[in-house]
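Colleague: Before I rely on the words used for this structure, could we go through them one by one and set each value against its rule?

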Amino acid sequence: MGKSTLAHELNQPLNAVASYSEAALRLLRAGNPRPERLIYAIENSAQQAQRAGRVVREFLAFMA
């Protein structure tokens with residue numbers, strides 16, 4: 001796995017986590033009139049964090 005590939009594979013889900021987290025915060029600060037949107041943002045943030053973790057584990061396995 002090349003450096004640019006690894007960087008892309010990590011940056012993509014980490015940027016998504018940041019975006020979903022920011023959206024969840026905006027919803028909370030706005031009084032969250034639609035809880036399903038907050039749930040969606042939190043669920044997707046968790047999924048993307050897990051995706052980043054998989055990338056790290058795959059990279060470490062590759063390097064072993």
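This is a predicted model: local features need pLDDT of at least 70, side-chain atom pairs count only at pLDDT 80 or more; totals for chains, interfaces and linings use all residues.

Colleague: Why is Asn44 called buried?

Modeller: Buried means under 20% relative accessible area, exposed over 50%, and partly exposed in between (1.4 Å probe, protein chains only); Asn44 has 13% relative accessibility, so it counts as buried. Asn44 is found in helix H2 (residues 35–63), a helix being a DSSP run (H or I) of at least four residues, numbered from the N terminus.

Colleague: How do you know that the span of helix H1 agrees with its number of residues?

Modeller: The expected span is 1.5 Å times one less than the number of residues; the 27 residues of H1 (residues 3–29) should therefore span 39 Å, and the end C-alpha atoms are 38 Å apart, which agrees.

Colleague: What makes Glu36 and Arg34 a salt bridge?

Modeller: The rule asks for a side-chain nitrogen of Lys or Arg within 4 Å of a carboxyl oxygen of Asp or Glu, and the side chains of Glu36 and Arg34 meet at 3.1 Å, N to O. By this rule the count comes to 1 salt bridge.

Colleague: Why is Glu36 called partly exposed?

Modeller: Glu36 has 44% relative accessibility, so it counts as partly exposed, and Arg34, at 43%, counts as partly exposed too.

How values were computed: Residues are numbered from 1 along each chain as its sequence is written. Side-chain values use heavy atoms; hydrogens and water are left out. Helices (H or I, at least four residues) and strands (E, at least two) are DSSP runs, numbered from the N terminus.
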